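The following note sets out points for a colleague who is examining the model.

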Amino acid sequence: MEWQDGFGYEQVVMRQLEVLWGKSRQKAGGRTNLLLSHLLDTAAVAELMWDHFLAPSPKRMLNALSRGRGRLFFAWLCGVHDCGKATPAFQRVDAEGAAAVRRAGLGWDESSVRRARWRHDKAGGTLLLRLLREAGWGAEQVDWVWPLIAGHHGTVPSKGVLAGRAARGEPQGKGPAWARVQAVVVEVFTRLVGFADLADVQARLVPTRAEQLQLSGLVVMADWIASDERHFPGVDDLAQVSMPGARDRAVKAWGRLGLRGGWGRLEVPPVDVFERRFDHGARPSQELVVEVARRMRVPGLLVVEAPMGEGKTKAALAAAEVLAARFGADGVFVGMPTQATSDPMFSQVRAWLERIDAELAGQVALLHGKRMFNKEWQSLLEDPQADPDGFFGGVDEDDVYGIADSPFGTGGGEPGERRAPAEWFLGRKRGLLSPFVVGTIDQLLFAATRTKHVMLRAAGLVGKVVVLDEVHAADVYMSQFLAEALRWLGQARVPVVLLSATLPSAQCRTLVGAYLAGSASADSFDVAELPAPQGYPSVTAACLVEDAADYDVQTARQWRGDLPVAVTVLPESDTGEQGREAEEAIAEVLLDRLAEGGCALVIRNTVPRAQQAFEVLCGRFGDGEVRLLHGRMTAHDRADGTEEALSLLGPPGKGKRRPERLILVATQLAEQSFDVDADLLVTDLTTIDLLLQRLGRIHRHDGVERPSRVRRPEVIVTGFAPRDGAAPWILPESEGIYGRYLLLRTAAMVCAANGGGWSVPGDVPGLVERVYGEAPDVVPSAWRADEQQARQEWTARQGERARSAEPFLLTRAGEHTKATLEALHYGAAPGSLAEHRLEAVVRDGRRSVEVILVRQDERGFRTLAGRWLGVNGEVLADDVVEETLGATVRLPAALTEAAERDLKPLDGWRSHPWLKHSRALILTADASTTLGEYAVRYDAKLGLVVEGGPRRSRRRFGESRTARPPWAR
C-alpha cells in the first residue's frame with residue numbers, strides 16, 4: 001500500500017505491524033483485526049460522532065483547545081485509545097496472535113508477563129506518557145491526555161500505578177524492538193488520521209476536568225461502537241488497512257445502528273413559545289422563567305420555586321429550549337424523584353418535542369428499572385423485549401464493551417423504521433447518551449459516583465440541558481451526590497433547571513453554591529450575596545461571569561389566588577397491637593365528608609398502614625370505591641394501579657367524568673409529581689415540605705364540580721397525638737423515616753392551624769422556612785426540652801449520613817481543584833464499582849432486594865398469574881417472559897439477608913439474559929410462603945403482605961427506625 005512505502009519504515013518494523021493484532025479471530029468475526037485497523041476504525045467512528053452526535057457546545061470546546069481542528073483532534077484522541085495493545089501483556093492473550101508476533105521478532109518472558117496482570121488500558125497510558133514527552137508535548141498537555149487512554153475501560157488509575165514495576169518491565173515491552181514498534185504504531189496512526197506527526201497533535205489549551213470526563217466517556221463510546229464484530233469484522237492484511245477503508249466501514253455501521261444526536265443547532269424560540277408548544281399563553285411565573293433564561297449571560301443554574309399545579313414543568317421545558325439554543329445544547333435530561341413520576345413526565349416531554357420536530361418525539365429514552373411496564377414505552381419499541389437495561393444493570397467483567405446477552409441481533413431494523421431511540425442507546429450504561437432522556441434522578445446521581453464507566457454517564461449529560469423536578473425530595477445523603485453532580489455540571493457549563501414547590505432557603509443556597517463552585521473550579525463558593533426571593537413564585541438564576549457570581553432573582557404573580565385550606569388534627573394514640581382504631585377513625589371521618597360523594601386521598605407513611613387502612617375502608621365503602629397503591633405491589637400491578645389513578649383522578653378533559661365517590665389509599669408514591677386531583681386529603685404527619693406537597697394533590701384543577709361537603713379543601717392530619725403540657729406522641733415508624741426533630745416542628749405548625757387553616761400557596765414559603773429555619777419559637781414552650789434533644793440527635797444523624805456518602809462521591813474531599821482525571825477511581829469504596837450496587841450507593845436506607853414471584857405446584861412452576869413456565873421454570877415465549885418479569889416486587893429491608901441467602905434464579909432461567917439475574921420467591925398455589933422468620937403472601941388487592949418476625953408475632957410487618965426511605969414505598 002502507498003502509505004507503507006511513503007512512510008519509509010524498515011521492513012522488519014513493517015512485518016511487525018502486519019502481525020500486531022487488536023481483536024483476535026474469535027472476537028472479530030472469524031478473522032483477526034489488526035491493531036492499526038481497530039485504531040483507524042475507532043477514529044472513523046469518532047468522525048461520525050462529531051458529524052452526527054456531538055452537541056455544538058463540546059465541538060466549540062474541542063475547536064478552541066486544538067486551534068480549530070476539533071474534529072481531527074477528537075478522531076485522534078478516540079482512535080489512539082488502544083495503543084497499549086502493542087505490548088506483550090496484551091499480545092500474549094491469544095495463542096495464535098502471540099505466535100505470529102514472536103515470529104516477527106517481538107519476544108517476552110512469558111512467566112514475567114503472566115504474573116504482572118498488566119492491562120492494555122494502563123499500558124496505553126504509560127506508552128503515551130513516554131511518546132508524547134518525546135514528541136515535545138508540554139507537561140500540562142501530557143497530564144490531561146494520558147488518563148483518558150489509561151481509563152478507557154472504566155477506571156482511571158494514578159500515575160503511581162503506571163510507574164510501578166509492571167510498567168517498566170516485560171509486560172510493557174522490554175528492549176529497543178518493542179519501543180520502536182510502539183512508536184511506529186502511534187506515529188503511523190497519527191499520520192493516517194491526518195496530522196503531520198505526533199508533535200502536530202498537541203492541543204493549545206487544557207479542558208476543564210469536567211470536560212475531560214466527558215471526552216473520556218466519548219472515547220469509551222467510540223471504542224464500544226468500533227469493537228462490535230457484527231459491524232467491524234476483522235482485517236488481517238495490512239495492505240487493506242487505510243483511513244478511507246475505516247471510514248467506509250464506520251459509515252455502514254453507523255447507518256445500521258441508526259445512531260443520531262438531538263436537535264442540533266436550535267433557533268431561540270419566539271416570545272409566543274407557550275402557544276406554539278402547549279396551546280395556551282404563559283402564566284406569569286412561566287413567562288418569568290423564560291425571560292430569565294433569555295437574560296442569562298452564560299450557562300448557569302436556574303431555580304424555579306412555584307406552587308403545586310402552577311405549571312413549573314412546562315416552564316422548565318420552554319426554558320430548556322431557550323438555554324439549548326443560546327448555549328449549544330443538543331438535548332435534555334429530565335430527572336424525577338421516582339419511577340412512578342417519571343412515566344407521566346415521559347409522555348409530557350414527548351408531546352413537547354413533537355411540537356418542535358415530530359421526529360424528535362421518537363428519540364426520548366425512558367430510564368428506570370420498570371420502564372418495560374410503561375405501555376407508551378413498549379409501544380415505541382419494535383420489539384418490546386429489546387430492552388436489556390430494563391431489569392438488571394452491570395456488565396460482566398469479560399464483557400468490556402457492554403454487548404453480551406444483547407437481544408438486538410445486528411442492531412434492529414433500518415433507522416427510518418424506528419420510533420424509539422436507537423437500540424444501541426438502550427444497552428447497559430448507555431442510556432444517558434440518548435438525545436433526550438426522562439428518568440429518575442438516580443441517573444444523574446450515578447454520574448456523581450466513583451464507579452466504573454462513570455465517564456459514559458458524564459458524556460451523556462454534557463451537551464444537554466438538565467432539568468430536575470422536586471429537588472427538595474433529596475435527603476441529606478442524596479444531597480451529597482446532587483451537590484457533587486452540580487459541581488461537575490457547573491464546571492462543564494451545562495445549563496441546569498431545578499424545580500420545587502417547597503425548597504428550604506438553606507437547601508437552595510447549598511445547591512447554588514455547589515454549581516458556582518464547579519464553575520469556578522473551587523472547593524467552595526461564597527453565596528452570601530445571593531438575594532432571597534421577595535415573593536412566591538420566584539426564579540433564581542446564578543452563573544459565573546468573569547470569575548464573579550451573577551445573580552438574577554425575580555418573583556411573579558401567582559396564577560391562581562390563594563385557597564383557604566382547612567387543617568384538622570385527627571389524633572391517633574399509641575395503640576400498639578390493640579387493633580384498627582386509627583383506620584376506623586379515618587373511616588368515620590370519610591363517611592361524613594363523602595356523604596354526598598367526592599374523592600379522597602389517604603396517604604400513609606408505611607405500606608402496612610396503607611394496607612390496613614385499605615382493608616378497613618373497603619369494609620365500610622365496598623371494594624368498588626377504594627383503591628390501593630404502594631411500592632410492594634408487583635411491577636405490573638403498580639403500573640396498572642398508577643395508570644388507573646391518573647385516569648380516574650387526573651386532569652379534567654373533554655368527555656372525562658370523575659367517579660362519584662372514590663378513595664385512593666397510597667404511600668409516598670402519591671406525594672409529588674403525581675397529577676391527581678382529590679377533594680380531600682387524609683395524611684400521616686410528615687415534614688412540612690412534604691405535607692404541603694401532599695396537599696398539592698387536592699383541589700388541583702379549576703372547573704371540577706365538587707360536592708358541597710368537600711367544596712373547601714381540607715387536610716386531615718393523623719399519625720400523631722397532641723398531649724397537654726408535653727410534646728406530642730408521634731408514630732414511631734414516621735420518626736424512623738423523617739426524624740423526630742422536623743416532625744415536632746411540623747406538628748407545632750399543624751396544631752397551631754387546627755380548626756383554622758392555611759392560605760395556599762401564599763403561606764407555603766413561610767411555613768417551610770419556619771420549620772427548616774433557626775427560629776427558636778416554633779414549638780410551644782412545653783415541647784422545647786424535647787425539641788432540643790431531638791435536634792441534637794437529628795444534627796448528629798444528619799452529619800453521620802452526610803459523611804457516609806463521602807466514600808462513594810466522584811471527587812474526594814479537597815480534590816475539587818485538581819486539573820486532571822488522574823487517580824479518579826483511586827480509593828473507591830469497596831463494592832462501589834459494581835453496577836448492581838448503584839442504587840444502594842446513591843440512596844440511603846437499609847438495603848433491599850427485588851424478587852420475582854412464581855407459583856409452584858406438583859407439576860412445576862407457573863407465573864404469579866397462573867401461566868405454565870415448565871418443570872424447571874423454562875420460559876420460551878416473549879409474552880410469558882413479560883408476564884414473569886411483571887411479577888417483580890421489592891421485599892422489605894428486614895427480609896434482605898434471608899433473600900440473599902436463600903433465593904436464587906430458577907434452573908430454567910439461567911440461560912436467559914434477563915431472568916438469570918433475578919431471584920425467584922417461590923409461592924405455593926395459594927400465593928404464600930415463608931422467608932426466614934416471616935410469613936409472606938401476595939394478595940391481588942393488598943400486594944405483598946409480610947407478617948411475623950423474630951418473635952413470630954402475627955402482627956403485620958412494619959418499618960423500623962432505620963426504615964427504607966419514602967421513595968422505596
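**Notes on the predicted model**

1. The side chains of R791 and E774 form a salt bridge, with an N to O distance of 3.2 Å. R791 belongs to helix α33 (residues 784–805), whereas E774 sits in the loop between α32 (764–772) and α33, so the pair ties together parts that are 17 residues apart in sequence. R791 is partly exposed at a relative accessible area of 30%, and E774 is exposed at 63%. A salt bridge here is a side-chain nitrogen of Lys or Arg within 4 Å of a carboxyl oxygen of Asp or Glu. Buried means under 20% relative accessible area, exposed over 50%, and partly exposed in between (1.4 Å probe, protein chains only). Helices (H or I, at least four residues) and strands (E, at least two) are DSSP runs numbered from the N terminus.

2. This is a predicted model, in which local features need pLDDT of at least 70 and side-chain atom pairs count only at pLDDT 80 or more, while totals for chains, interfaces and linings use all residues. Residues are numbered from 1 along each chain as its sequence is written, and side-chain values use heavy atoms, with hydrogens and water left out.

3. How many salt bridges does a search of the whole structure find? The search finds 62. One of them joins the side chains of D640 and K375 at 4.0 Å, N to O. This pair links distant parts of the chain, with D640 in helix α28 (residues 635–649) and K375 in helix α21 (residues 375–380), 265 residues apart. D640 counts as partly exposed, at 29% relative accessibility.

4. R593 and D592 also meet through their side chains in a salt bridge (3.0 Å, N to O). R593 is buried, its relative accessible area being 19%, whereas D592 is partly exposed at 35%.

5. Eight strands make up an open sheet of mixed pairing, in the order β5-β6-β4-β7-β8-β3-β9-β10. Its edge strands, β5 (364–367) and β10 (548–555), each pair on one side only. From one strand to the next, the twist averages 15°. Two strands are taken to pair if DSSP finds at least two bridges between them. Axes are lines fitted to C-alpha atoms, for helices over the stretch in contact, and angles run from 0 to 180 degrees between N-to-C directions.

6. Within this sheet, strands β7 (residues 464–468) and β8 (residues 496–500) run parallel and are joined by 3 bridges. V466 has V496 in β8 as its bridge partner. Helix α24 (residues 476–491) packs on the sheet, where it touches β3 (301–305), β7 and β8, and its direction makes about 150° with that of β8. Contact means heavy atoms within 4.5 Å.

7. Strands β25 (residues 928–931) and β26 (residues 934–939) pair in the antiparallel sense over 4 bridges. S928 has R937 in β26 as its bridge partner. The two strands, β25 and β26, form a hairpin with 2 residues between them, and G932 in the turn has a positive phi of about 60°.

8. Helix α5 (residues 70–79) has 8 of its 10 residues buried, so it is largely enclosed by the rest of the structure. The buried residues of α5 include F73, F74, W76 and L77.

9. D121 lies in helix α9 (residues 120–134). Is D121 buried or exposed? D121 is buried, with a relative accessible area of 1%. Leaving aside neighbours within four places in sequence, D121 is in contact with I149, A150, H152 and H153.

10. S804 lies in helix α33 and counts as partly exposed at 33% relative accessibility. S804 and V841 are 37 residues apart in sequence, and their C-alpha atoms are 9.9 Å apart in space.
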